[in-house]
Amino acid sequence: MQVRLSKRLERLGCYVTKGNRLADIGTDHAYLPIALVQAGRIPSAIAADVNEGPLLRAGEHIRAAGLSRQVETRLSDGLSRFQSDEADTVVIAGMGGQLMRRILEGGV
């Protein structure tokens, strides 16, 4: 499965430094980490969401793309279930500003 990103996600992907490990917070479908791994821009990613439903859907897309070794799913409220050395770049997109602020203030 080859993922095609929306213009918004494509633009976000441009800001991810080549070679970095990605934490995609609020991943939903995991399209961004899948596309970035497929393009060779990143070696691996953790696709995280606070809800199990989106994570199940993300896992299906990851398996369909054959990337189960490179893209992990994780149930996490923001960065609460991350260690500080697990990712080099964090993407927090598709949610309101107040929620983004709360996630960033919580940090790791």
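Modeller: Happy to! Thr 27 has a relative accessible area of 7%, so it is buried; buried stands for under 20% relative accessible area, exposed for over 50% and partly exposed for what lies in between, with a 1.4 Å probe and protein chains only. The model is a predicted one, in which local features need pLDDT of at least 70 and side-chain atom pairs pLDDT 80 or more, while totals for chains, interfaces and linings take in all residues. Numbering runs from 1 along each chain as its sequence is written, and side-chain values rest on heavy atoms, without hydrogens or water.

Thr 27 sits in the loop between β1 and α2 (helices, H or I of at least four residues, and strands, E of at least two, are DSSP runs numbered from the N terminus). Apart from neighbours within four places in sequence, Thr 27 is in contact (heavy atoms within 4.5 Å) with Pro 33, Ala 47, Ala 48, Asp 49, Leu 55 and Ala 58.

Asp 28 is partly exposed, at 30% relative accessibility. Ala 30 belongs to that loop too, and its phi is near 65°, again positive in a non-glycine residue. Ala 30 is buried, with a relative accessibility of 0%.

Now step back along the chain into β1. Leu 22 and Asp 24 point one way from this strand, Ala 23 and Ile 25 point the other way, and all are buried. β1 (residues 22-25) is joined to β2 (residues 45-49) by four bridges in the parallel sense; two strands count as paired if DSSP finds at least two bridges between them. In β2, Ala 47 is the bridge partner of Asp 24, and Ala 48 stands opposite Ile 25.

The whole sheet is open and has four strands in the order β3-β2-β1-β4, with parallel pairing. β3 (71-75) and β4 (89-92) are the edge strands, and each has a single partner, so one side of each lacks a neighbour in the sheet. From one strand to the next, the twist averages 20°. On this sheet packs helix α2 (residues 31-38), which touches β1, β2, β3 and β4 and whose direction makes about 155° with that of β1 (axes are lines fitted to C-alpha atoms, for helices over the stretch in contact, and angles run from 0 to 180 degrees between N-to-C directions).

Because six of its eight residues are buried, α2 is largely enclosed by the rest of the structure. The buried ones are Leu 32, Pro 33, Ile 34, Ala 35, Leu 36 and Val 37, and they pack against α1, β1, β2, α3, β3 and β4. After the helix comes Gly 40, with a positive phi near 75°.

This leads us to the nonpolar cores, sets of buried Ala, Val, Leu, Ile, Met, Phe, Trp, Tyr and Cys residues joined through side-chain atoms within 4.5 Å. The largest has 19 residues, of which Leu 22, Ile 34, Ile 42, Leu 67 and Val 71 touch the most other members. α2, β2 and α3 (52-64) are the elements that give two or more residues to this core. The most come from α2, which gives five. Apart from this core lies another, of nine residues, including Ile 25, Phe 82, Ala 87 and Ile 92. Phe 82 is in the loop between β3 and β4 and is buried at 8% relative accessibility.

The largest pocket has a volume of about 320 Å³, the space filled by probe spheres set on grid points joined across faces, edges and corners. (On a 1 Å grid over the protein atoms alone, points where a 1.4 Å probe fits but cannot get out form a cavity, whereas a pocket is an open set with protein on both sides within 12 Å along at least five of seven lines; lining residues have an atom within 4 Å of a point.) Of the 26 residues lining this pocket, Ile 25, Gly 26, Thr 27, Asp 28 and Ala 93 lie nearest its centre. Two or more lining residues come from each of α1 (7-14), β1, α2, β2 and α4 (97-106).
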